[in-house]
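Keep the model open while reading.

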Amino acid sequence: MGPSSEANAALRKRVRQQEVVADLGERALETDDLDRLMHDASVAVAETLDTEYCKVLELLPDGDEVLLRQGVGWRDGLVGTETVPTDTDSQAGFTLLSEEPVIVDDLRTEDRFSGPELLTSHDVVSGISVIIGPLEEPWGILGTHTTDCREFTQDDATFVKNVANVLAAAIDRTEKERRLHERERRLKRYKEYSDDIFAAVDDLFYVVDRAGNFQRWNESLNRVTGYSDAEIESMQPLEFVAEPDRDALANGMAELFETGSSRIEADVLTKDGERIPYEFVASGLEAPDGTPVLAGIGRDITDRRERDRELAKYERIVETIDDGIYVVDENGHYTMVNDAYTELTGYSREELLGEHATRIVDEATIERASELRAEMADGDAASPTLATTIRTADGNRVPVEVTFTSLPTDGGQERVGVVRDVTEREKQRRKLEKSERRYRTLVENFPNGAVGLFDENLRYTAVGGGLLDVSSVDSEERIGNSVYDIYPDEIVEEVEPYFNAALAGESHSFETDYHDRHLFAHTLPIRNADDEVFAGMLVVQDVTKRREYQRQLEESNKRLEQFAYAASHDLQEPLRMVSSYLQLIETRYGDAIDEEGREFLEFAVDGADRMRGMINGLLQYSRVETRGDEFQPVDLTDVLAAVREDLRIKIEGYDAEVTAESLPRVRGDPEQLRQVLQNLLSNAITYSGDEPPRIHVFAERSGAEWTVSVSDEGVGIAPEDQDRIFEVFQRAHSHTEHSGTGIGLALCERIIERHDGEIWVESTPGEGTTVSFTVPDVQEGAND
């Protein structure tokens, strides 16, 4: 064949190749059957290039394997996957560095060839391979091969490349149509899904895009929140929830776009500021334009949250209550126990759950409980209570009181029991019984009076005592009757407040006349071991004779006071006469009297002076009650300052040091309290010994009164003299040692007694003395 013939043949070949490409291109625009197009393209390439084989290999998603999608000339059964060589320099044509075709004239000359067995098993020698699709994201490979060594032209390679481009265009068009169809399908599904939900649910429903803008919502969102469509459109989801829940909602939305679903609880904030608890469940969808959106449903959980709160409250009660609580099934096996029950029994929760109740109680208790439950089922009892004992883990027996009921379940019934440890109550009951026996013994044998126990209705529960026998009162008639049944109205009106006060925890004393007798009565509360008042007691003593004796004693004391006053007053005149004449003798006849006579005269004058002091002291002593001032608030600091001024010369003369702490305000007679402090301070200076006096005045509160003390470091008082120094004209030291009338401390005692206080001395000879007395505190509301 000459050059012209070869040129014509090459021309015809190119024309044929172009016709094939054009035909395949036209079919590629019309067909939806890619596999058919790929098969026909393989046949056309093989026939046009006169090759035995042609293949279309699809690159699988992982990029390491290919699938023989279509081809011609291969043995039957060889359609499948082949591993793509990883050597980029191999001449197999599967791993290509460019979009240009790869022409191989003789595969046998390539030592490095290790291509797919699909080629080597068919003795392929020459061929052309080209990528289908772009190099960066190839779809696959189109290749044609022969078993003889042939030299392919560039036109041949271009032809294969053009067919590959036709296939790539068809594949791309088909994929776009598939995506469009899928998008239309999703849009239809999206619309159907949202329309169905919008129309079917009363719950809140909404669609939000990734930016947080509302796309759609149902009427429930308007109704619940109170916002109009225009307002909702301008708002974002976070604006619909209360401030504390906004972070949770934001996190939930972020989680949804990451994982495709989320569930949160948040309070919806309405336009009026109301907060409504809601549960939000959201799923991720795609909008018609393919962008991700969030479709959410909000359900009002007000009732559920209230149930949860109630459940949590009961759980807290069950776990924090001091009583043990258990639940057993119909067969008597534990299904629930609280902490108090495990603590009571000594078993752990794990040791009890699933165990039979006989581990804790005996068969007799279980049988008795079954009987009580049967009675409860018949309507004879409600939540029966059983007193029994339980067996603890350490083998001890604990007395308990069990209240139980039945709890219906889906599978039948469970039994709930509340177990209370009554160990302490039993001890208290025994103590109460013992105490009651003592009270009754006291009541029945109370001498010189009567005792009655009464309850909250002022009804006597026990009565006894010797006074009842004397007054001919039958104690049995008193028991079971109240004060309203026994006493006349005027007596009830008098004693009722005292009885009620005893039941309120207060004790009182009062006097009354009944059955021609003068009675002194006490009402006081009766308490149990828990210090709770459960009854009251009336103790009555017949003080008729004592009252008469007291009246006589008061009259006698009055006469004695009158005598003391008269005696001291009447002695003043002769004593003044004796003193005057003694002074007159000393004045007129002093020079005529010898030394011994003058000494006798001094003794007489000194005796008259001492007698005058004793008479004045006795006069003061007798007037403590009758000549005292009314009580009033008294500042002892001011009183002490006045006393120190009165004794200033004596204090300076003895070089005494008087210190004092802050003294209180008390209630009393200012002048008499001044007498007490002056007497005690003067004594402390006088009996200081050889050293300068060191005196300290201080006070301590004790309840509703103050204890005031004057302490010195003087000579002290012998123990045998400490009691009698408060008697009239009694002294701890002789007149020759220290001057004084011997009535000062007796006067102090009487003054303090008038103030309802006490006075006492604490002393150690040679170390000092402390004299203390009590005086009432200023009462509330007292005028200053």
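## A strand pair and its sheet

Strand 26 (705-711) and strand 28 (residues 768-776) pair in the antiparallel sense, over seven bridges. Pairing requires at least two DSSP bridges between two strands. Pro776 in strand 28 is the bridge partner of Glu705. Helices (H or I, at least four residues) and strands (E, at least two) are DSSP runs, numbered from the N terminus.

The pair belongs to an open sheet of five strands, ordered 23-25-26-28-27, with mixed pairing. Strand 23 and strand 27 (759-764) are the edges, each pairing on one side only. Neighbouring strands of this sheet are turned by 15 degrees against each other on average, direction ignored. Helix 21 lies across strands 23, 25, 26 and 28, and runs at about 175 degrees to strand 28. Axes are lines fitted to C-alpha atoms, for helices over the stretch in contact; angles run from 0 to 180 degrees between N-to-C directions.

## About the model

The model is predicted: local features need pLDDT of at least 70, side-chain atom pairs count only at pLDDT 80 or more, and totals for chains, interfaces and linings use all residues. Residues are numbered from 1 along each chain as its sequence is written, and side-chain values use heavy atoms, leaving out hydrogens and water.

## Helix 19

Helix 19 spans residues 636-646, and its buried residues are Leu636, Val639, Leu640 and Val643. Viewed down the helix axis, they fall within an arc of 95 degrees, so they line one face. The arc is taken from the directions from the helix axis to the C-beta atoms. Buried means under 20% relative accessible area, with a 1.4 Å probe and protein chains only.

These buried residues pack against several elements, among them helix 21 (670-686), strand 25 (694-702) and strand 26. Contact means heavy atoms within 4.5 Å. Asp635 caps the N-terminal end of helix 19, with a side-chain oxygen 3.0 Å from the backbone nitrogen of Thr637. A polar contact is a pair of N or O atoms within 3.5 Å; within protein, one must be able to donate a hydrogen and the other to accept it, and residues adjacent in sequence count only if both atoms are side-chain atoms.

## Thr225

Thr225 sits in helix 5 (residues 219-225). Its relative accessibility is 1%, so Thr225 counts as buried. A polar atom of its side chain lies 2.6 Å from the backbone oxygen of Leu221. The backbone nitrogen of Tyr227 lies 3.3 Å from a polar atom of the Thr225 side chain. Leaving aside residues up to four places away in sequence, Thr225 touches Phe240, Val268, Thr270 and Lys271.

Notes: Buried means under 20% relative accessible area, exposed over 50%, partly exposed in between (1.4 Å probe, protein chains only).
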